[in-house]
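Hi,

Here is the structure I promised to pass on. My notes follow below it.

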Amino acid sequence: QVQLVESGGGLVQAGDSLRLSCAASGRTFSRYAMGWFRQAPGKEREFVAVISWIDGNRLYADSVKGRFTISRDNAKNTVYLQMSNLKPEDTAVYYCAASTQYSSSRSLFNYWGQGTQVTVSS
């Protein structure tokens with residue numbers, strides 16, 4: 001059982017950086033792979049990044065590779081998404097999610113936060 005709350009979204013200009021945070025509640029946090037997904041208006045929710053609780057390995061969508069970094073602090077029950085060199089196409093609602101499997105597949109994530117809006121102006 002995991003409850004997730006995202007924060008850190010906002011309005012920024014292209015080229016700026018943001019760090020999203022996802023605070024997790026529940027004693028099983030360290031057992032889950034933690035991921036970030038995003039959904040732009042009129043688009044499907046898409047995978048952004050995931051980090052394994054087992055070894056810390058990470059996967060990224062090609063669209064964000066080299067610009068975004070996912071990390072976690074198990075002691076704080078928090079996962080982060082550091083976003084750099086933001087582009088207008090990064091504009092979306094960003095969702096934190098937890099899965100019992102290390103995966104980029106949305107269907108395998110069991111728990112979801114409410115989302116936080118990221119808007120990047122040109």
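Start with the side chain of glutamate 6, which reaches the backbone nitrogen of cysteine 96 at 2.7 Å. The glutamate 6 side chain also reaches the backbone nitrogen of glutamine 114, at 2.9 Å. Bear in mind that this is a predicted model.

Glutamate 6 sits in strand E1, residues 3–7. It is buried, yet it has no salt bridge. The nearest side chain of opposite charge is arginine 45, 7.4 Å away. Beyond four places in sequence, glutamate 6 touches residues including Cys22, Trp36, Tyr94 and Cys96.

A search of the whole structure finds 1. Cysteine 22 and cysteine 96 form it, with their sulfur atoms 2.1 Å apart. The link is left-handed, at -85 degrees about the S-S bond. Cysteine 22 lies in strand E3 and cysteine 96 in strand E9, so the pair ties together parts 74 residues apart in sequence. Cysteine 22 is buried, at 0% relative accessibility. Cysteine 96 is buried too, with a relative accessible area of 0%.

Now the core. The largest nonpolar core has 34 residues. Met34, Trp36, Leu81, Met83 and Tyr94 have the most contacts inside it. Among the elements that give it two or more residues are strands E3, E4, E8 and E9. In soluble globular proteins, nonpolar side chains tend to be buried together.

Tyrosine 94 links the topics. Its contacts beyond four places in sequence include Glu6, Trp36, Leu81 and Met83.

Best wishes

Notes: Residues are numbered from 1 along each chain as its sequence is written. This is a predicted model: local features need pLDDT of at least 70, side-chain atom pairs count only at pLDDT 80 or more; totals for chains, interfaces and linings use all residues. Side-chain values use heavy atoms; hydrogens and water are left out. Helices (H or I, at least four residues) and strands (E, at least two) are DSSP runs, numbered from the N terminus. Buried means under 20% relative accessible area, exposed over 50%, partly exposed in between (1.4 Å probe, protein chains only). Lys and Arg count as positive and Asp and Glu as negative; His and the chain ends are not counted. A salt bridge is a side-chain nitrogen of Lys or Arg within 4 Å of a carboxyl oxygen of Asp or Glu. A polar contact is a pair of N or O atoms within 3.5 Å; within protein, one must be able to donate a hydrogen and the other to accept it, and residues adjacent in sequence count only if both atoms are side-chain atoms. Contact means heavy atoms within 4.5 Å. A nonpolar core is a set of buried Ala, Val, Leu, Ile, Met, Phe, Trp, Tyr and Cys residues joined through side-chain atoms within 4.5 Å. A disulfide is a pair of cysteine sulfur atoms within 2.5 Å.
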